[in-house]
Amino acid sequence: MNLGIIYVISNPAMPGIVKIGITNRDDIEQRLRELFTTSLPVPFECEYACKVSDVAKVEKALHIAFQNSRVNPQ
């Protein structure tokens, strides 16, 4: 079992784009702070987050489901 948090975040500086990601931390706020760099004028906002039992499997499934909408296929 690979317990973690799956999240969907957005940034007002990039309208219409969301990032789907994972973290094994207990605190999504810490992950948001890590993603906020000087290259962005405002921090990310969490749109959705939940703990799941197999975080890598869920992230992969979401990336496959939204494959046609991805900005970066990597």
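Which residues does Arg31 touch, not counting residues up to four places away in sequence? I looked this up, starting with the ground rules.

**Entry 1: ground rules.** This is a predicted model, where local features need pLDDT of at least 70 and side-chain atom pairs count only at pLDDT 80 or more, while totals for chains, interfaces and linings use all residues. Residues are numbered from 1 along each chain as its sequence is written, and side-chain values use heavy atoms, with hydrogens and water left out.

**Entry 2: Arg31.** I found Arg31 in helix 1. Helices here are DSSP runs of H or I with at least four residues, strands are runs of E with at least two, and both are numbered from the N terminus. Arg31 touches Tyr7, Ile22, Thr23 and Arg25, leaving out residues up to four places away in sequence. Contact means heavy atoms within 4.5 Å. Is Arg31 buried or exposed? Arg31 counts as buried because its relative accessibility is 19%. The cut-offs are under 20% relative accessible area for buried, over 50% for exposed, and partly exposed in between, with a 1.4 Å probe and protein chains only.

**Entry 3: Tyr7.** I turned to Tyr7 next. With the neighbours up to four places away in sequence left out, Tyr7 touches Lys19, Ile20, Gly21, Ile22, Thr23, Ile28, Arg31, Leu35, Tyr48 and Ala49.

**Entry 4: the core.** Tyr7 also belongs to the largest nonpolar core. Its eight residues are Ile5, Tyr7, Ile9, Ile28, Leu32, Leu35, Leu40 and Phe44. Strand 1 and helix 1 (28-35) each give at least two residues to this core. A nonpolar core is a set of buried Ala, Val, Leu, Ile, Met, Phe, Trp, Tyr and Cys residues joined through side-chain atoms within 4.5 Å. In soluble globular proteins, nonpolar side chains tend to be buried together.

**Entry 5: the whole chain.** I counted two helices and three strands. Along the sequence they run β-β-α-β-α. The radius of gyration is 13 Å, close to the 11 Å that the globule rule gives for 74 residues, so the protein is as compact as a globular protein of that length. That radius is taken over C-alpha atoms, and the rule is 2.2 Å times the number of residues to the power 0.38. The C-alpha trace spans about 35 × 30 × 20 Å along its principal axes. Of the 74 residues, 27% count as buried. I also checked contacts with a separation of 6 or more: residues 24 or more positions apart account for 58% of them.
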